[in-house]
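Visitor: I have a structure on my screen and some questions about it. Can we go through them one by one?

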Protein chains: 2
Amino acid sequence: MDSKLKRAEALYEAVNQLIRVHQFRDRESICSHNVSVAQCYALETLVKRGPLRLKDLAEEMCLDKSTTSRVIDSLLRKGYALKTLDPLDQRAVQLSLTPAGQELYATIHKSLIAEEASMISDIPDEVVDAALALLGKLTVAARVRLGN
Amino acid sequence: MDSKLKRAEALYEAVNQLIRVHQFRDRESICSHNVSVAQCYALETLVKRGPLRLKDLAEEMCLDKSTTSRVIDSLLRKGYALKTLDPLDQRAVQLSLTPAGQELYATIHKSLIAEEASMISDIPDEVVDAALALLGKLTVAARVRLGN
DNA sequence: GGATATTGTTGTTACTAACAACATAAATCA
DNA sequence: TGATTTATGTTGTTAGTAACAACAATATCC
(Lines give C-alpha, C1' and ligand atoms only; values in the text may rest on other atoms or scores of the structure.)
Protein backbone atom coordinates (compact mmCIF):
# COMPACT_ATOMS: atom_id res chain seq x y z
CA MET A 1 0.00 0.00 0.00
CA ASP A 2 1.14 3.49 -0.75
CA SER A 3 -0.52 4.98 2.31
CA LYS A 4 1.53 2.69 4.51
CA LEU A 5 4.71 4.05 3.02
CA LYS A 6 3.54 7.60 3.52
CA ARG A 7 2.78 6.86 7.13
CA ALA A 8 6.17 5.24 7.50
CA GLU A 9 7.79 8.35 6.14
CA ALA A 10 5.82 10.65 8.37
CA LEU A 11 6.59 8.50 11.36
CA TYR A 12 10.26 8.47 10.57
CA GLU A 13 10.24 12.26 10.40
CA ALA A 14 8.32 12.61 13.62
CA VAL A 15 10.55 10.27 15.56
CA ASN A 16 13.63 11.95 14.18
CA GLN A 17 12.46 15.36 15.26
CA LEU A 18 11.55 14.14 18.68
CA ILE A 19 14.88 12.41 19.07
CA ARG A 20 16.68 15.59 18.26
CA VAL A 21 14.93 17.82 20.71
CA HIS A 22 15.05 15.19 23.41
CA GLN A 23 18.73 14.63 22.99
CA PHE A 24 19.38 18.30 23.09
CA ARG A 25 17.37 18.71 26.24
CA ASP A 26 18.93 15.72 27.95
CA ARG A 27 22.43 16.94 27.26
CA GLU A 28 21.66 20.28 28.84
CA SER A 29 19.84 18.90 31.86
CA ILE A 30 22.16 16.05 32.62
CA CYS A 31 25.46 17.75 31.98
CA SER A 32 24.60 20.44 34.47
CA HIS A 33 24.85 17.71 37.11
CA ASN A 34 28.47 16.73 36.63
CA VAL A 35 27.83 13.57 34.59
CA SER A 36 27.54 12.90 30.89
CA VAL A 37 24.51 11.41 29.17
CA ALA A 38 26.07 7.96 28.91
CA GLN A 39 27.10 8.09 32.55
CA CYS A 40 23.58 9.01 33.51
CA TYR A 41 22.24 6.11 31.49
CA ALA A 42 24.55 3.79 33.38
CA LEU A 43 23.34 5.25 36.68
CA GLU A 44 19.79 4.64 35.57
CA THR A 45 20.43 1.09 34.54
CA LEU A 46 22.17 0.28 37.80
CA VAL A 47 19.35 1.85 39.79
CA LYS A 48 16.73 -0.16 37.94
CA ARG A 49 18.45 -3.46 37.33
CA GLY A 50 20.31 -3.58 40.61
CA PRO A 51 23.95 -4.66 40.97
CA LEU A 52 25.25 -6.04 37.70
CA ARG A 53 28.38 -7.47 36.24
CA LEU A 54 30.06 -5.33 33.66
CA LYS A 55 29.12 -7.71 30.91
CA ASP A 56 25.44 -7.63 31.86
CA LEU A 57 25.44 -3.88 32.21
CA ALA A 58 26.92 -3.58 28.73
CA GLU A 59 24.23 -5.83 27.37
CA GLU A 60 21.45 -3.86 29.05
CA MET A 61 22.83 -0.66 27.62
CA CYS A 62 23.49 -2.07 24.14
CA LEU A 63 27.09 -0.93 24.43
CA ASP A 64 30.40 -2.64 23.92
CA LYS A 65 32.08 -3.90 27.08
CA SER A 66 35.04 -1.60 26.52
CA THR A 67 32.82 1.45 26.25
CA THR A 68 30.92 0.35 29.33
CA SER A 69 34.14 -0.22 31.23
CA ARG A 70 35.19 3.36 30.59
CA VAL A 71 31.83 4.83 31.46
CA ILE A 72 31.96 2.98 34.76
CA ASP A 73 35.51 4.16 35.30
CA SER A 74 34.43 7.75 35.24
CA LEU A 75 31.59 7.03 37.64
CA LEU A 76 34.08 5.34 39.97
CA ARG A 77 36.41 8.31 39.86
CA LYS A 78 33.55 10.64 40.65
CA GLY A 79 32.48 8.47 43.56
CA TYR A 80 29.11 7.48 42.18
CA ALA A 81 29.77 3.78 41.56
CA LEU A 82 31.34 0.85 43.36
CA LYS A 83 33.21 -2.10 41.94
CA THR A 84 33.47 -5.24 44.06
CA LEU A 85 34.97 -8.53 43.05
CA ASP A 86 32.64 -11.45 42.63
CA PRO A 87 33.86 -14.08 45.12
CA LEU A 88 32.43 -16.86 42.97
CA ASP A 89 34.13 -15.73 39.77
CA GLN A 90 37.48 -14.05 40.05
CA ARG A 91 37.18 -12.60 36.57
CA ALA A 92 33.95 -10.77 37.17
CA VAL A 93 33.11 -7.57 39.01
CA GLN A 94 29.90 -6.50 40.68
CA LEU A 95 28.88 -2.96 39.86
CA SER A 96 26.64 -0.92 42.08
CA LEU A 97 26.01 2.68 43.07
CA THR A 98 27.21 4.53 46.11
CA PRO A 99 24.63 6.48 48.11
CA ALA A 100 25.93 9.57 46.33
CA GLY A 101 25.28 7.90 43.00
CA GLN A 102 21.77 6.93 43.94
CA GLU A 103 21.06 10.40 45.17
CA LEU A 104 22.44 11.98 42.04
CA TYR A 105 20.30 9.81 39.83
CA ALA A 106 17.22 10.60 41.87
CA THR A 107 17.89 14.31 41.46
CA ILE A 108 18.46 14.15 37.72
CA HIS A 109 15.50 11.87 37.20
CA LYS A 110 13.25 14.20 39.11
CA SER A 111 14.22 17.20 37.05
CA LEU A 112 13.83 15.33 33.76
CA ILE A 113 10.40 14.07 34.76
CA ALA A 114 9.35 17.52 35.87
CA GLU A 115 10.28 18.86 32.47
CA GLU A 116 8.43 16.08 30.74
CA ALA A 117 5.38 16.80 32.89
CA SER A 118 5.39 20.45 31.97
CA MET A 119 5.57 19.46 28.32
CA ILE A 120 2.44 17.36 28.48
CA SER A 121 0.49 19.56 30.83
CA ASP A 122 -1.70 20.77 27.97
CA ILE A 123 -2.30 17.37 26.44
CA PRO A 124 -5.36 15.36 27.53
CA ASP A 125 -4.60 12.27 29.57
CA GLU A 126 -6.21 9.85 27.15
CA VAL A 127 -4.12 11.20 24.33
CA VAL A 128 -0.96 10.71 26.34
CA ASP A 129 -2.02 7.19 27.20
CA ALA A 130 -2.62 6.36 23.57
CA ALA A 131 0.78 7.72 22.65
CA LEU A 132 2.39 5.70 25.39
CA ALA A 133 0.90 2.49 24.10
CA LEU A 134 2.10 3.32 20.64
CA LEU A 135 5.59 4.26 21.53
CA GLY A 136 5.83 0.95 23.31
CA LYS A 137 4.67 -0.92 20.25
CA LEU A 138 7.09 0.93 18.05
CA THR A 139 9.94 0.17 20.36
CA VAL A 140 9.10 -3.50 20.45
CA ALA A 141 8.78 -3.58 16.68
CA ALA A 142 12.12 -1.88 16.26
CA ARG A 143 13.75 -4.25 18.71
CA VAL A 144 12.37 -7.24 16.87
CA ARG A 145 13.72 -5.89 13.60
CA LEU A 146 17.12 -5.61 15.22
CA GLY A 147 16.89 -9.21 16.23
CA ASN A 148 16.88 -8.55 19.91
CA MET B 1 -1.90 15.80 39.96
CA ASP B 2 -0.01 12.67 40.73
CA SER B 3 -1.32 10.90 37.65
CA LYS B 4 0.22 13.57 35.46
CA LEU B 5 3.59 12.88 36.99
CA LYS B 6 3.18 9.18 36.48
CA ARG B 7 2.31 9.74 32.87
CA ALA B 8 5.29 12.01 32.50
CA GLU B 9 7.52 9.32 33.89
CA ALA B 10 6.08 6.65 31.65
CA LEU B 11 6.40 8.92 28.66
CA TYR B 12 9.98 9.71 29.47
CA GLU B 13 10.75 5.99 29.63
CA ALA B 14 8.96 5.26 26.40
CA VAL B 15 10.66 8.02 24.49
CA ASN B 16 14.02 7.03 25.87
CA GLN B 17 13.61 3.46 24.79
CA LEU B 18 12.45 4.46 21.36
CA ILE B 19 15.33 6.84 20.95
CA ARG B 20 17.79 4.14 21.81
CA VAL B 21 16.57 1.56 19.35
CA HIS B 22 16.14 4.15 16.65
CA GLN B 23 19.61 5.49 17.10
CA PHE B 24 21.05 2.06 17.06
CA ARG B 25 19.20 1.18 13.91
CA ASP B 26 20.11 4.43 12.17
CA ARG B 27 23.78 3.99 12.93
CA GLU B 28 23.76 0.55 11.36
CA SER B 29 21.74 1.51 8.29
CA ILE B 30 23.44 4.79 7.57
CA CYS B 31 27.02 3.82 8.28
CA SER B 32 26.80 1.01 5.77
CA HIS B 33 26.52 3.74 3.13
CA ASN B 34 29.83 5.44 3.67
CA VAL B 35 28.50 8.39 5.69
CA SER B 36 28.02 9.00 9.39
CA VAL B 37 24.72 9.82 11.07
CA ALA B 38 25.53 13.51 11.34
CA GLN B 39 26.60 13.62 7.73
CA CYS B 40 23.36 11.97 6.70
CA TYR B 41 21.41 14.51 8.67
CA ALA B 42 23.20 17.26 6.80
CA LEU B 43 22.37 15.59 3.50
CA GLU B 44 18.74 15.42 4.54
CA THR B 45 18.61 19.05 5.58
CA LEU B 46 20.19 20.19 2.33
CA VAL B 47 17.78 18.07 0.31
CA LYS B 48 14.77 19.48 2.10
CA ARG B 49 15.74 23.07 2.73
CA GLY B 50 17.59 23.57 -0.51
CA PRO B 51 20.91 25.39 -0.81
CA LEU B 52 21.82 27.02 2.47
CA ARG B 53 24.56 29.09 3.95
CA LEU B 54 26.60 27.36 6.58
CA LYS B 55 25.14 29.49 9.31
CA ASP B 56 21.58 28.62 8.30
CA LEU B 57 22.39 24.95 7.97
CA ALA B 58 23.85 24.98 11.47
CA GLU B 59 20.70 26.61 12.77
CA GLU B 60 18.44 24.09 11.07
CA MET B 61 20.44 21.26 12.53
CA CYS B 62 20.75 22.80 16.01
CA LEU B 63 24.51 22.44 15.79
CA ASP B 64 27.37 24.82 16.35
CA LYS B 65 28.78 26.40 13.21
CA SER B 66 32.16 24.81 13.84
CA THR B 67 30.65 21.34 14.08
CA THR B 68 28.62 22.00 10.97
CA SER B 69 31.65 23.25 9.11
CA ARG B 70 33.44 19.99 9.80
CA VAL B 71 30.50 17.82 8.87
CA ILE B 72 30.29 19.64 5.55
CA ASP B 73 34.02 19.25 5.08
CA SER B 74 33.72 15.50 5.14
CA LEU B 75 30.84 15.60 2.67
CA LEU B 76 32.93 17.77 0.38
CA ARG B 77 35.85 15.37 0.57
CA LYS B 78 33.56 12.48 -0.30
CA GLY B 79 32.12 14.38 -3.23
CA TYR B 80 28.58 14.62 -1.89
CA ALA B 81 28.41 18.37 -1.29
CA LEU B 82 29.34 21.56 -3.07
CA LYS B 83 30.50 24.84 -1.66
CA THR B 84 30.11 27.96 -3.79
CA LEU B 85 30.86 31.51 -2.78
CA ASP B 86 27.96 33.85 -2.42
CA PRO B 87 28.61 36.68 -4.89
CA LEU B 88 26.60 39.09 -2.75
CA ASP B 89 28.48 38.35 0.45
CA GLN B 90 32.11 37.40 0.22
CA ARG B 91 32.10 35.91 3.70
CA ALA B 92 29.32 33.47 3.07
CA VAL B 93 29.20 30.17 1.24
CA GLN B 94 26.32 28.45 -0.49
CA LEU B 95 26.07 24.78 0.37
CA SER B 96 24.34 22.29 -1.89
CA LEU B 97 24.52 18.65 -2.87
CA THR B 98 26.15 17.08 -5.88
CA PRO B 99 24.07 14.62 -7.91
CA ALA B 100 25.97 11.87 -6.09
CA GLY B 101 24.92 13.38 -2.77
CA GLN B 102 21.30 13.59 -3.80
CA GLU B 103 21.35 10.05 -5.01
CA LEU B 104 22.99 8.81 -1.85
CA TYR B 105 20.42 10.48 0.32
CA ALA B 106 17.60 9.04 -1.77
CA THR B 107 19.03 5.56 -1.33
CA ILE B 108 19.51 5.86 2.42
CA HIS B 109 16.13 7.47 2.89
CA LYS B 110 14.43 4.71 0.96
CA SER B 111 15.98 1.99 3.05
CA LEU B 112 15.18 3.75 6.33
CA ILE B 113 11.58 4.27 5.28
CA ALA B 114 11.27 0.66 4.19
CA GLU B 115 12.44 -0.44 7.60
CA GLU B 116 10.02 1.92 9.30
CA ALA B 117 7.22 0.58 7.13
CA SER B 118 7.97 -2.99 8.05
CA MET B 119 7.92 -1.98 11.71
CA ILE B 120 4.42 -0.57 11.50
CA SER B 121 2.99 -3.15 9.13
CA ASP B 122 1.05 -4.79 11.96
CA ILE B 123 -0.23 -1.59 13.50
CA PRO B 124 -3.62 -0.22 12.39
CA ASP B 125 -3.47 2.98 10.38
CA GLU B 126 -5.57 5.00 12.77
CA VAL B 127 -3.26 4.09 15.61
CA VAL B 128 -0.25 5.22 13.64
CA ASP B 129 -2.00 8.46 12.81
CA ALA B 130 -2.75 9.11 16.44
CA ALA B 131 0.85 8.48 17.34
CA LEU B 132 1.99 10.80 14.62
CA ALA B 133 -0.14 13.61 15.92
CA LEU B 134 1.20 13.09 19.37
CA LEU B 135 4.81 12.88 18.49
CA GLY B 136 4.35 16.15 16.69
CA LYS B 137 2.79 17.76 19.73
CA LEU B 138 5.54 16.48 21.96
CA THR B 139 8.18 17.83 19.65
CA VAL B 140 6.58 21.22 19.55
CA ALA B 141 6.19 21.24 23.31
CA ALA B 142 9.82 20.29 23.77
CA ARG B 143 10.94 22.95 21.33
CA VAL B 144 8.94 25.58 23.14
CA ARG B 145 10.51 24.54 26.43
CA LEU B 146 13.90 24.96 24.87
CA GLY B 147 12.96 28.46 23.85
CA ASN B 148 13.04 27.83 20.13
C1' DG C 1 36.65 55.81 7.80
C1' DG C 2 36.62 53.46 12.11
C1' DA C 3 33.95 50.73 15.46
C1' DT C 4 31.00 46.86 15.49
C1' DA C 5 28.78 42.76 13.87
C1' DT C 6 28.56 38.61 10.90
C1' DT C 7 30.41 34.48 8.66
C1' DG C 8 33.23 30.73 8.49
C1' DT C 9 37.61 28.12 9.83
C1' DT C 10 40.86 26.24 12.99
C1' DG C 11 42.58 24.90 17.74
C1' DT C 12 41.34 22.60 21.62
C1' DT C 13 38.81 19.73 24.60
C1' DA C 14 35.55 16.17 26.09
C1' DC C 15 32.20 12.60 25.22
C1' DT C 16 30.45 8.52 22.53
C1' DA C 17 31.57 4.21 20.90
C1' DA C 18 33.44 0.43 18.30
C1' DC C 19 37.07 -3.15 17.28
C1' DA C 20 41.34 -5.57 18.38
C1' DA C 21 44.65 -7.35 21.40
C1' DC C 22 45.57 -8.80 25.69
C1' DA C 23 45.68 -10.87 30.63
C1' DT C 24 43.38 -13.55 33.77
C1' DA C 25 40.21 -16.90 35.23
C1' DA C 26 36.79 -20.53 34.40
C1' DA C 27 35.01 -24.40 31.94
C1' DT C 28 35.38 -28.24 28.91
C1' DC C 29 37.20 -32.28 27.25
C1' DA C 30 40.35 -35.72 26.26
C1' DT D 1 44.90 -34.00 35.45
C1' DG D 2 46.47 -31.18 31.92
C1' DA D 3 45.56 -28.79 27.53
C1' DT D 4 42.36 -26.33 24.82
C1' DT D 5 38.59 -23.34 24.62
C1' DT D 6 35.55 -19.89 26.38
C1' DA D 7 34.28 -15.89 29.28
C1' DT D 8 35.32 -11.43 31.60
C1' DG D 9 37.44 -7.01 31.82
C1' DT D 10 41.02 -3.64 30.61
C1' DT D 11 43.84 -1.06 27.51
C1' DG D 12 45.29 0.69 22.81
C1' DT D 13 43.62 2.70 18.90
C1' DT D 14 40.60 4.93 15.86
C1' DA D 15 36.63 7.65 14.33
C1' DG D 16 32.54 10.34 15.07
C1' DT D 17 29.89 13.94 17.80
C1' DA D 18 29.93 18.41 19.44
C1' DA D 19 30.89 22.54 22.07
C1' DC D 20 33.64 26.87 23.14
C1' DA D 21 37.29 30.16 22.07
C1' DA D 22 40.19 32.60 19.07
C1' DC D 23 40.82 34.24 14.73
C1' DA D 24 40.60 36.21 9.76
C1' DA D 25 37.89 38.24 6.39
C1' DT D 26 34.07 40.75 5.08
C1' DA D 27 29.79 43.77 5.92
C1' DT D 28 27.31 47.14 8.23
C1' DC D 29 26.45 51.14 10.90
C1' DC D 30 27.46 55.51 12.78
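**A walk through the model**

Guide: Let us start with a loop: A:N34 lies between α1 (2-31) and α2 of chain A. Keep in mind that this is a predicted model.

Visitor: Is A:N34 buried or exposed?
Guide: Count the C-beta atoms around this residue. A:N34 has 11 others within 10 Å, so A:N34 is exposed.

Visitor: What is phi of A:N34 near?
Guide: Most residues other than glycine have a negative phi. A:N34 is not glycine, yet its phi is positive. The value is near 80°.

Visitor: Which loop holds A:C62, and how does this residue count: buried, exposed or partly exposed?
Guide: A:C62 also has a positive phi, near 55°. A:C62 sits in the loop between α3 (54-61) and α4 of chain A. Buried needs 20 or more C-beta neighbours, and exposed needs 12 or fewer. A:C62 has 15 inside 10 Å, so A:C62 counts as partly exposed.

Visitor: How many helices and strands does chain A have?
Guide: Read the elements from the N terminus: α-α-β-α-α-β-β-α-α. The tally is six helices and three strands.

Visitor: What is the radius of gyration of chain A?
Guide: Take a compact globule of 148 residues for comparison. Its radius would be near 15 Å. Chain A has 18 Å.

Visitor: Which residues have the most contacts inside the largest nonpolar core?
Guide: In soluble globular proteins, nonpolar side chains tend to be buried together. Here the largest nonpolar core has 70 residues. Beyond its neighbours within four places in sequence, A:L43 is in contact with residues including A:Y80 and A:L97. The residues with the most contacts inside the core are A:A42, A:L43, B:A42 and B:L43.

Visitor: Which element gives the most to the surface near DNA strand C?
Guide: Both chains take part: α2 (37-49) of chain A and α3 (54-61) of chain B are among the elements that each supply at least two residues. The surface divides into six nonpolar, seven polar and eight charged residues. One element gives four residues, the most: α4(B).

Methods
Residues are numbered from 1 along each chain as its sequence is written. Chains are lettered from A and ligands numbered from 1 in the order in which they are written. The radius of gyration is taken over C-alpha atoms; the globule rule is 2.2 Å times the number of residues to the power 0.38. A nonpolar core is a set of buried Ala, Val, Leu, Ile, Met, Phe, Trp, Tyr and Cys residues joined through C-beta atoms within 7 Å. Two residues are in contact if their C-beta atoms, placed from the backbone, lie within 7 Å. Ala, Val, Leu, Ile, Met, Phe, Trp, Tyr, Cys and Pro count as nonpolar, Asp, Glu, Lys and Arg as charged, and the others, Gly among them, as polar.
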